[in-house]
Structures are given as C-alpha cells and as structure tokens.
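Please read it with the structure open.

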Amino acid sequence: MSTALPVSATALGAVGATDLFLWVAFPYLALAVFVVGHVWRYRKDQFGWTTRTSQLLEHRWLRWGSPLFHLGTFAVIAGHVVGLAIPASWTEAVGISEGAYHWMAVGLGTVAGTAMVIGLGMLCARRLLSRRIRTTTDRSDKLLFPLLSATVLLGIAATVVHNFAGGGYDYRSTVSVWFRGLFGLQPQPEAMIGVPLLFQLHALTAFALFAAWPFTRLVHVWSAPVGYLVRPYIVYRRRGPDRAAPPRDRSVR
C-alpha cells in the first residue's frame, strides 16, 4: 500500500527544477509573505492600515471608477473561487454540465471583468493625469497599480485568446487541480505543464500580488465596515425648551 506524498515520484520525474520553483516554491513563499506580512503590518503600522483615500482631492473619476472596480472585483473573485476551488464533478452533480458552466463562466466573467477593467483604468488614469493625486502616490502604489493591472489584463487576455478567439480551454482540469493541490498540501506542479502561457503568467502575477498585498493599501479589505450593518440605531433627540443650555456669561472681567 503506497503512501501519498506532497509531490509524488512520478511528478518529480515529469517536472524540472524551474517548474518546481514556479508552481510549488514560489506560491508557498508568496502565501507565507502574505500571512507574515499582515501580522507585521498590524503590529507595526496600525495607523497606516487604511486606503489613504484621496477623495477630497478629486472625486469625479473616483465616483464612477471606484464602484465599477470594486463590484467587478467582487464578482471576479467569486468566479475564481467557483472555478478554482470547486471540482467539475461537484457542479455536474448538481445538474450543471461542463458546457453550461463554461458559457455561464465566460459570459458572467466577461461582464465582471469588463467592469473591473474600466474601473481600474479610470483609477489609474485619475492617478496619472491629476497632479494633486500624483503627488500623493507613494512607493507601494507604484508597485501595486502596475502589478494589479498586469494580473487583471493577463486574465482578460487569457479569456479572449483561448475562449473567444480560440476553441476554448478547460482550465478546471489543469490550473484548478494545481491550485487545490497547493492548499491541500499535495502540490501537483505537473498539472501546470502545457498550460497556455497567458494562464501561467496570470497565476504567477496573482501570487506576486498576494505577496505584495500586506504592504499596500489592499489591507483595507480586512477593515470593511461589516459591523455597520448590525450596529444599533443611534437615537437623536431635539433639545427642548426645558433642556435649553444656560445662557453664557458675557461679562468681561
């Protein structure tokens, strides 16, 4: 009876050192930086745990760019969770065929991705074109915005090239298997061999974004005001005549 290993002997024979680094070592290193970096940031820089909003400096582009980017991002993340974390056998078990899932994912993903790209483009243009916003851009923003843009554009490019222009690509049998193996502590780097380059670059930039996350304004995601939804009402009472404040003593001494 064989014992399951984190990386099987067959996998080691099928992949090289570069593949082991890209699809095993690098993702785990990025996730370790993600966790340790958040702990360090919370302990050392709680006052900097903010979006550093620049709404007071410019709000016309932000009014449209921010909602489009955030709503599109939430939808894209939800689609990635379903596509990467949930096996195809589970969706087929509830009556969703692979073909139906593919077209639903492409359709909804295109809408969400388009909203995300438009919103991100408006936010980047706002930061580049407005001199007052540009002066508030620090080093972490100069890292975050190009890295975030690269991750988003590579994902869009992979969808357009392989699903719209090409004959379609079943990433659930390769990328999803690799992704679930990482979090199950049974990495399967061999699943990424032969994956189209755009999907590979998209995965690598996504993990690079995870590593940069705790050192940028993205930390504000964990400070979302969820408690506001269940906060009790604040009662305001009008000051009545019987509660009028006593007159001030205007005498000069």
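1. Trp178 is buried, because its relative accessibility is 2%, and buried means under 20%. The model is a predicted one.

2. Phe207 also falls in the buried class, because its relative accessibility is 4%. Trp178 and Phe207 form an edge-to-face aromatic pair, with 5.8 Å from centre to centre and 70 degrees between the planes. Trp178 belongs to helix H8 (residues 175-183) and Phe207 to helix H9 (residues 197-212), so the pair ties together parts that are 29 residues apart in sequence.

3. Across the whole structure, a search finds eleven aromatic pairs. One of these joins Phe21 and Phe26: the ring centres are 6.4 Å apart and the planes stand at 45 degrees, so this pair is tilted. Phe21 counts as partly exposed because its relative accessibility is 46%. Phe26 is partly exposed as well, with a relative accessible area of 21%; the cut-off for buried is under 20%.

4. On the surface there is a nonpolar patch formed by Ile156, Val160, Val161 and Phe164. Together these residues have about 310 Å² of accessible area. One of them, Val160, is placed in helix H7 (residues 139-165). Is Val160 buried or partly exposed? Val160 counts as partly exposed, because its relative accessibility is 40%.

Notes:
Residues numbered from 1 in each chain as written. Predicted model: local features only at pLDDT ≥ 70, side-chain atom pairs only at ≥ 80, totals over all residues. Heavy atoms only, no water. Patch = residues over 30% accessible without salt bridge, like charges linked within 9 Å, V, L, I, M, F, W, Y side chains within 5 Å. Areas by Shrake-Rupley, 256 points an atom, 1.4 Å probe, with all protein chains shown as cover. Salt bridge = Lys/Arg side-chain N within 4 Å of Asp/Glu carboxyl O. Helix = DSSP H or I, 4+ residues; strand = E, 2+ residues; numbered from the N terminus. Buried < 20%, exposed > 50% of the residue type's maximum accessible area, 1.4 Å probe, protein only. Phe/Tyr/Trp six-rings, centres within 6.5 Å; stacked < 30°, edge-to-face > 60°.
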